[in-house]
Amino acid sequence: MNAKERVMCVLQGQKPDRMPCFGANSTVTYSQMEKVKAFWPQGHEEGEAMARQALAAYSIMGFDAVRVPFDQTFEARALGCKIKSGGTEGIPGIEHPPPYKLDDTPHFPSDFLSRGVIPELLKAVGILKKEVGNEAVVVAGIIGPFTIAGSLLDTVPLLKATFKAPDKIRPFLEVTTKAASALGRALVEAGADIISCEDMTASPELIAPKTYRDLELEYQTRVFESISVPSILHICGNVDAIVEWMGKTGAKVLSLEPKADPELARQKCGPEIVLMGGVDTATTLFMKDAETVKRACEESIAKGIQILAPGCAVAPGTPPENLLAMVEVASRH
Ligand SMILES: [Zn+2]
């Protein structure tokens, strides 16, 4: 089996030759950038550099997928957020002040897909499809409606509104659902095999579980309904309190951090859902050695993880041997 067949086999509920290993989030590191001679900030802004950096996951690390982009600002920027550069070492972030206040009426621009850096992201996906599309999976990332709304309003006002005025958030979620869906569809058209949706702000570490159920579940579901390829849903932190609902969004794969319990996810979401995860990106992958990484991966696999992955976005300073250790563990299963 090649990498793509291996991943597709798992998504179809069958047994692959070995366990696949790739990231639902960014897996690019400084050492990979050095090897492919493509650096930040170009990798965030220029399609060719972005594709070259993403290819390293497959060509250098031996992961089964390549994944773009490496930051979470694409939809927010196209909807009017100002962006601060992360320079040569970091990822771009959202600049203050946010474009909207809670009482404003948000607007979805008709030229959304040609705004900001979206055209470069689409170009990167096209290049990746051409380069490795028959051998490895092309994963393209979008951001969940609730998290984009947090960029439009700023996270603190959004979180306050979840208990003071939840209905005022809905017009924003309508616009951000349109944005995530439009980007997801365009990425599929450009060549993405899988859409990975990161929804950091929907984590139970930031909002009450019932807020997720009442405010975000239907919007996430609408995003996944609009996308014709399999989707991954990634929510950071311990998602045990909402994992049952995550399983109802229509996402084929749930990407879990090791803080979350894969056995509970299986029990709540049933046999069809595919579970992805494996090792904590901060406390283990970045800080510890390859042996510790391997042990963490084995523990996650024993709990029912089917696609081995970093639990969240990989810190760019992560040692390459720790990522290679993950692929080694996957090859034993
Ligand atoms: Zn995360």
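Where is Asp154 found? Select Asp154 and you land in the loop between α7 (145-153) and α8 (155-164); helices here are DSSP runs of H or I with at least four residues, strands are runs of E with at least two, and both are numbered from the N terminus. Before going on: this is a predicted model, where local features need pLDDT of at least 70, side-chain atom pairs count only at pLDDT 80 or more, and totals for chains, interfaces and linings use all residues. Residues are numbered from 1 along each chain as its sequence is written.

Stay on Asp154 for a moment. Its phi is positive, about 85°, although Asp154 is not a glycine. Asp154 is partly exposed, with 19 other C-beta atoms within 10 Å. (Buried takes 20 or more other C-beta atoms within 10 Å of the residue's own, exposed 12 or fewer, and partly exposed falls in between; C-beta atoms are placed from the backbone.)

Next, jump to Lys37, in the loop between α2 and α3. Here is another residue other than glycine with a positive phi, near 55°. Lys37 is exposed, having 9 other C-beta atoms within 10 Å.

In that loop between α2 (30-36) and α3 (42-45), click on Pro41. The peptide bond joining Trp40 and Pro41 is cis, with omega about 5°. For another cis bond, pick His96 and Pro97, where omega is about -10°. Pro97 sits in the loop between β3 (93-94) and α6.

Now show the sheet. Seven strands form an open sheet, paired in parallel, in the order β1-β4-β5-β6-β7-β8-β9; two strands pair if DSSP finds at least two bridges between them. Colour β1 (65-68) and β9 (307-310): each stands at an edge with a single partner strand, so one side of each has no neighbour in the sheet.

Zoom in on β6 (residues 231-234) and β7 (residues 253-256), parallel strands joined by three bridges. Leu233 stands opposite Leu254 in β7.

Last stop: α6 (residues 118-132) and α9 (residues 170-190), whose axes come within 8 Å and cross at roughly 35°. (Axes are lines fitted to C-alpha atoms, for helices over the stretch in contact, and angles run from 0 to 180 degrees between N-to-C directions.) Select Ile118, Leu122, Val125 and Gly126 in α6, which meet Leu183, Ala186, Leu187 and Ala190 in α9; contact takes C-beta atoms, placed from the backbone, within 7 Å.

Note on methods: Contact = placed C-beta atoms within 7 Å.
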